[in-house]
Amino acid sequence: MKKILHIAVLLNLFLVVSTCEKELQLNAEEVDSRLAIMCDFSPDEPFVLELSKSKSINSAKLESNIINNADVQICVNNEVIETILPLNSSSDANTKYQSTVALPEIKQIYTLKVEVDGLEPITATSSIPRAVEISHSSIGEINSFLTDDNETVSYEVRLGVQMEDPVDETNYYQISFFQEILTSTPSIQQNEIKVIPSEGYSLIDDDLTNNFNLIDGGILFKDLSFNGTTKEFVFQPLFYFKPENLNTTSTPINIIIELRSVSEEYYKYYTSVYRQSSQENTPFSSPTVIYSNIKNGYGIFAGYSKSIVKTPIEL
């Protein structure tokens, strides 16, 4: 009886494995190399594109993914407004392309077209939403302390940020905080101002508790709970600095608040990136598919505008 049971189990396992093998068969068309692009653009600043290619499962291991021979075009209403050249044509250069004529404008729809020999052409479309201004900002309580190395100061600052959300439309935002630090080196009579992003957030407004995604240097959210209203948020970003380092002294002088009004494509892409990264150490979580608006390729082509406020700070 045990032998019969053992044989039955083995037969079932064989059937399961056979089924899995059928499901995992790869289609050659699905593993070919494709173009990948990164381009976030804003008003009156050049288009800057990072271009590379994914590697085919059949490609050589040492094959380069650098592309410096692409035909890159920015189009408006099906007309080419600029053909963009690589910043550096050397074979080992970082593959960046930057416009010299075309400067993005708010609400204008732009189409990106890229062609490279041997790869499928890609296209993408996006526009820049109108900037929503920061109507008011305030600084509240500041808590600072010396970290374990006895050299670095950490501080949290309570910030109020007010904005007027446009009515009757879904709006997407990214808010980021930076500290402006004045560094002085008396020995060479040199002063320098450095802008450093916050290291995290220990408090977020209740309205965003279930409606935000972290992004490097900022928080990404949409106006689900406050559409068309005047809204004030309260944040508490965290910063670090070293008052003294060798012959240089450093002092925070301003907190910079940057509010980006981002396109839907921008929001969807960076939201999916955040969700994937947050699941990296969770083995049983469902996989997250990275959003892309690149037809026949990967990556993102997305517009944003921004409003910036500087607020003096004293520690």
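Me: In this predicted model, which residue's side chain is joined to that of S137 by a polar contact of 3.5 Å?
Reply: S137 is found in strand β8, which covers residues 134–146, and with a relative accessibility of 18% it counts as buried, because the cut-off for that class is under 20%. The polar contact of 3.5 Å runs from the side chain of S137 to that of T311.

Me: How many bridges join β6 to β7, and which residue of β7 is the bridge partner of I109?
Reply: Strand β6 spans residues 109–115 and pairs with β7 in the antiparallel sense, over 6 bridges. Within this pairing, the partner of I109 in β7 is S127.

Me: Which residue of β6 stands opposite Q73?
Reply: Strand β3, made of residues 71–76, is antiparallel to β6, and 5 bridges are found between the two. In β6, the residue opposite Q73 is K113.

Me: Which residue in the hairpin of β3 and β4 takes a positive phi, and what is the bridge partner of C75 in β4?
Reply: β3 and β4 run antiparallel and are joined by 5 bridges, with 2 residues between the strands of the hairpin, where N77 takes a positive phi near 55°. C75 itself is buried, its relative accessible area being 2%. The bridge partner of C75 in β4 is V80.

Me: How many disulfides does the structure hold?
Reply: A disulfide is a covalent bond between the sulfur atoms of two cysteines. C39 counts as buried at 1% relative accessibility, and C75 is buried as well, at 2%. The number of disulfides in the structure is 0.

Me: Is the aromatic pair of F177 and F235 stacked, tilted or edge-to-face?
Reply: The structure holds 17 aromatic pairs, and in the one formed by F177 and F235 the ring centres lie 5.3 Å apart with 55° between the planes. F177 lies in strand β10 (residues 172–185) and F235 in strand β15 (residues 230–235), so the pair ties together parts that are 58 residues apart in sequence. Both F177 and F235 are buried, and one aromatic cluster includes them along with Y173, F221, F226 and F233. The geometry of the pair is tilted.

Me: Why is the pair of Y269 and Y270 edge-to-face, and what is the angle between the ring planes?
Reply: Y269 is buried at a relative accessible area of 11%, and Y270 is buried at 14%. Their ring centres are 4.9 Å apart, and the pair counts as edge-to-face because that class takes planes over 60 degrees apart, the angle here being 85°.

Me: Is Y267 buried or exposed, and what separation is found between the C-alpha atoms of Y267 and N213?
Reply: Y267 has its place in helix α2, residues 264–278, and at 8% relative accessibility it counts as buried. N213 is 54 residues away from Y267 along the chain, and the separation of their C-alpha atoms is 9.4 Å.

Me: Which residue has R260 over the face of its ring?
Reply: R260 lies at 3.9 Å from the centre of the ring concerned, and that ring belongs to Y304.

Methods
Residues are numbered from 1 along each chain as its sequence is written. This is a predicted model: local features need pLDDT of at least 70, side-chain atom pairs count only at pLDDT 80 or more; totals for chains, interfaces and linings use all residues. Side-chain values use heavy atoms; hydrogens and water are left out. A disulfide is a pair of cysteine sulfur atoms within 2.5 Å. Buried means under 20% relative accessible area, exposed over 50%, partly exposed in between (1.4 Å probe, protein chains only). Helices (H or I, at least four residues) and strands (E, at least two) are DSSP runs, numbered from the N terminus. Two strands pair if DSSP finds at least two bridges between them. Rings of Phe, Tyr and Trp (its six-membered ring) pair if their centres lie within 6.5 Å; planes under 30 degrees apart count as stacked, over 60 as edge-to-face and the rest as tilted. A charge sits over a ring if NZ of Lys or CZ of Arg is within 6 Å of the ring centre and within 35 degrees of the ring normal. A polar contact is a pair of N or O atoms within 3.5 Å; within protein, one must be able to donate a hydrogen and the other to accept it, and residues adjacent in sequence count only if both atoms are side-chain atoms.
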